[in-house]
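Trainee: I am new to this structure. Please show me how to read it.

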Amino acid sequence: MPSGRRSTRRPWAQDHPELDVERVRGGRSTESAADGEWVVQRVSGASGKAYTCPGCRQEIASGTAHVVAWATDDLLGAEAGVAGRRHWHASCWSHRARRR
Ligand SMILES: [Zn+2]
């Protein structure tokens with residue numbers, strides 16, 4: 001029986017952050033979806049801008065609290081993911097997650 005090197009050991013130290021629903025209520029959270037890892041940031045909408053929600057194609061009026069989501073595993077890198085961030089109605093975002 002060869003006592004050669006056993007390289008089956010893997011660093012499992014990178015524990016996967018689980019979605020903590022309670023934590024969503026304030027600030028930022030990370031969500032796993034069928035299409036990747038997303039960072040979801042709650043915003044107050046106080047920036048004074050209006051956005052179009054990709055979920056329902058309706059406008060998110062300025063001053064409306066909503067979420068901003070971007071992919072952290074974008075094929076072009078995290079920066080591209082942030083650059084491609086989208087503004088969603090909070091309810092549309094949660095529906096999106098449920099649909100997939
Ligand atoms: Zn919407």
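Mentor: We will take the fold, the metal site, the core and one histidine in turn.

Mentor: This is a predicted model, where local features need pLDDT of at least 70, side-chain atom pairs count only at pLDDT 80 or more, and totals for chains, interfaces and linings use all residues. Residues are numbered from 1 along each chain as its sequence is written, and side-chain values use heavy atoms, with hydrogens and water left out.

Trainee: How many helices and strands are in the chain?

Mentor: Helices (H or I, at least four residues) and strands (E, at least two) are DSSP runs, numbered from the N terminus. Here there are two helices and six strands. From the N terminus, the order is β-β-β-β-β-α-β-α.

Trainee: Which protein donors does the zinc ion have?

Mentor: Donors are N, O and S atoms within 2.8 Å of the metal (3.2 Å for Na, K and Ca); water is not among the atoms, so sites may look incomplete. Here the protein donors are Cys53 (SG), Cys56 (SG), His89 (ND1) and Cys92 (SG), at 2.0 to 2.4 Å from the zinc ion. Their spacing along the chain is C-x2-C-x32-H-x2-C. Cys53 sits in the loop between β3 (51–52) and β4 (59–60), while Cys92 is in helix α2, 39 residues apart.

Trainee: What is the geometry of the site of the zinc ion?

Mentor: Four donors count as tetrahedral if all angles lie between 85 and 135 degrees. Ideal angles for four tetrahedral donors are 109.5 degrees. The zinc site is tetrahedral, with angles of 103 to 118 degrees among its four donor atoms.

Trainee: Which residues form the largest nonpolar core?

Mentor: In soluble globular proteins, nonpolar side chains tend to be buried together. A nonpolar core is a set of buried Ala, Val, Leu, Ile, Met, Phe, Trp, Tyr and Cys residues joined through side-chain atoms within 4.5 Å. This one has eleven residues, including Trp38, Tyr51, Ile60 and Trp93. Strand β5 (66–71) is among its suppliers. The largest share, three residues, comes from β5. The zinc donors Cys53 and Cys92 also belong to this core.

Trainee: Is His87 buried or exposed?

Mentor: Buried means under 20% relative accessible area, exposed over 50%, partly exposed in between (1.4 Å probe, protein chains only). His87 counts as buried because its relative accessibility is 16%. His87 lies in strand β6 (residues 86–88).

Trainee: What joins the side chains of His87 and His66?

Mentor: A polar contact of 2.9 Å. Such a contact is a pair of N or O atoms within 3.5 Å; within protein, one must be able to donate a hydrogen and the other to accept it, and residues adjacent in sequence count only if both atoms are side-chain atoms.

Note on methods:
Tetrahedral: all angles 85-135°; square planar, octahedral: opposite > 155°, others 65-115°.
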